[in-house]
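Hello,

Here is the structure I promised to pass on to you. Have a look at it first, and then read my notes below.

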Amino acid sequence: MTDHSRQPRARTRVYDLERDGLTAPEARADLERVAEEFRIRVTPEMRGAIAEPADPVAAQFVPSAKELTTRPEELEDPIGDDAHSPVPGLTHRYPDRVILHITKTCDVYCRFCFRRETVGETGPLPEDQLTAALDYIAATPAIREVILTGGDPLTLSTRRLASVLERLSTIPHLDQIRLHTRVPVVAPERITDTLCHILRAAPTAWIVLHTNHAQELTPTARTAIARLVDHGIPMLSQTVLLRGINDSADALETLLRALTKLRVKPYYLHHCDLARGTSHFRTTITEGRTLMAELRRRCSGTMLPNYVLDIPGGHGKVPITADHFTQGDSPGHWRVTDRNGRTHDYRDPATR
Ligand SMILES: *Cc1c(COP(=O)(O)O)cnc(C)c1O
Ligand code: SF4
């Protein structure tokens with residue numbers, strides 16, 4: 001039987017982007033260097049959603065020479081996944097939930113990805129590691145929720161995904177499964193009725209859709225989202241705050257209204273993590289808070305996400321609110337209190 005999830009998906013070549021007028025010939029040498037460091041892939045759906053070079057869709061997927069700039073604070077493992085890994089493929093930071101990195105493949109490679117050092121390395125988690133991860137979950141009754149991420153779990157073949165969900169459904173203490181994915185937007189043709197049925201059969205499966213700009217929500221993507229919700233699958237969204245892409249109240253408001261209308265509840269607005277070569281995307285904390293204050297003036301609570309920082313070093317996510325953030329001793333220096341009451345330093349990019 002052919003398992004398409006085992007077949008490597010083609011990378012997008014710099015040459016193709018240049019031919020399509022999305023990158024300049026002068027940039028070619030630099031972009032080839034970027035391509036050696038970080039994978040490049042754009043789906044036909046997202047290629048079609050790009051209206052012009054450097055627009056909010058293009059800037060997320062088309063590489064830039066700015067990625068060759070590494071700032072000292074940028075980390076290989078920006079959110080500290082590795083520090084909380086009891087067995088390969090699993091991150092267990094909070095008692096009641098684990099992340100299962102079921103594959104490292106994505107249909108697109110986002111230029112700001114917080115896991116850009118590892119995505120695309122290999123395909124699905126090897127069978128022996130998957131078994132060890134499932135054994136750990138089965139042996140740990142405190143775990144109530146499994147978060148499938150990667151990579152992108154919806155790049156797995158339907159058959160493989162069904163098998164993983166079936167194995168999870170035999171673990172009695174699990175209430176909920178969450179799938180963090182970009183697929184309904186970047187490759188909406190994958191959201192078939194069969195896939196929806198498989199998701200519906202699992203212990204309550206939620207989808208958390210990663211989407212950053214309303215321009216990504218093509219008519220086909222909207223249909224795919226509607227199909228999931230029509231099959232009774234609850235949906236949340238997560239968005240990364242990105243300089244030059246969605247760092248305006250208008251862009252965020254348009255996105256949040258579109259999502260709510262599509263029956264997707266905005267969940268997280270992530271401050272951009274300290275991944276290598278991403279500083280050009282990072283706003284300051286104050287810029288993010290100002291945007292959130294404006295959104296609170298404009299939007300109902302049904303559409304407001306939580307603005308959060310994943311504290312560098314593996315200290316977990318915290319809401320970017322006065323409870324957790326106090327001014328440090330210089331502008332752009334923050335003292336951040338984690339969920340366990342410990343404080344950490346955070347510095348905005350422009351002030352280091
Ligand atoms: C974000 C995250 C989760 C999920 O946490 P929620 O805040 O409940 O969405 C779980 N585990 C890890 C390691 C995380 O980083
Ligand atoms: S889809 Fe997610 S994991 Fe994959 S490259 Fe984009 S941000 Fe990273």
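Let me begin with a question: is Arg-263 buried, partly exposed or exposed? Arg-263 is partly exposed, because its relative accessible area is 44%, and partly exposed covers the range between under 20% for buried and over 50% for exposed. Please keep in mind that this is a predicted model.

Now for the whole chain. Its secondary structure amounts to eleven helices and twelve strands. The chain is as compact as a globular protein of its length, because its radius of gyration is 20 Å and the globule rule gives 20 Å for 352 residues. If you turn the model along its principal axes, the C-alpha trace spans about 55 × 50 × 40 Å. Of the 352 residues, 56% are buried.

The contacts say something about how the chain comes together. Counting those between residues at least 6 apart in sequence, 74% join residues at least 24 apart.

How many disulfides does the structure hold? The count is zero. Cys-106 counts as buried because its relative accessible area is 12%, under the 20% cut-off. Cys-110 is buried as well, with a value of 11%.

Next, please find the loop between strand S3 (145–149) and helix H6 (158–169), where Leu-154 sits. Leu-154 has a relative accessible area of 4%, so it is buried. Which residues does Leu-154 touch, leaving aside neighbours within four places in sequence? They are Leu-161, Leu-179, Thr-181, Val-183, Pro-184, Arg-190, Ile-191, Leu-195 and Ile-207. One of these partners, Arg-190, is 36 residues from Leu-154 in sequence, yet their C-alpha atoms are 8.1 Å apart in space.

Gly-151 is also in the loop between S3 and H6. The peptide bond that leads from Gly-150 to Gly-151 is cis, with omega near 5°.

That brings me to backbone angles. Most residues other than glycine have a negative phi, and most peptide bonds are trans. Ala-54 has a positive phi, near 70°, although it is not a glycine. You will find Ala-54 in the loop between helix H3 (44–49) and helix H4 (58–61). Ala-54 is exposed, because its relative accessibility is 65%, over the 50% cut-off.

Arg-263, from my opening question, also has a positive phi near 70°. Its place is the loop between helix H10 (249–261) and strand S7 (265–270).

Is Gly-313 buried, partly exposed or exposed? Its relative accessibility is 44%, so Gly-313 is partly exposed. Not counting residues up to four places away in sequence, Gly-313 touches Leu-75, Pro-78 and Gly-80. Asn-212 is 101 residues from Gly-313 along the chain, and 25 Å separates their C-alpha atoms.

Best wishes

Technical notes:
Residues are numbered from 1 along each chain as its sequence is written. Chains are lettered from A and ligands numbered from 1 in the order in which they are written. This is a predicted model: local features need pLDDT of at least 70, side-chain atom pairs count only at pLDDT 80 or more; totals for chains, interfaces and linings use all residues. Side-chain values use heavy atoms; hydrogens and water are left out. Helices (H or I, at least four residues) and strands (E, at least two) are DSSP runs, numbered from the N terminus. The radius of gyration is taken over C-alpha atoms; the globule rule is 2.2 Å times the number of residues to the power 0.38. Buried means under 20% relative accessible area, exposed over 50%, partly exposed in between (1.4 Å probe, protein chains only). Contact means heavy atoms within 4.5 Å. A disulfide is a pair of cysteine sulfur atoms within 2.5 Å.
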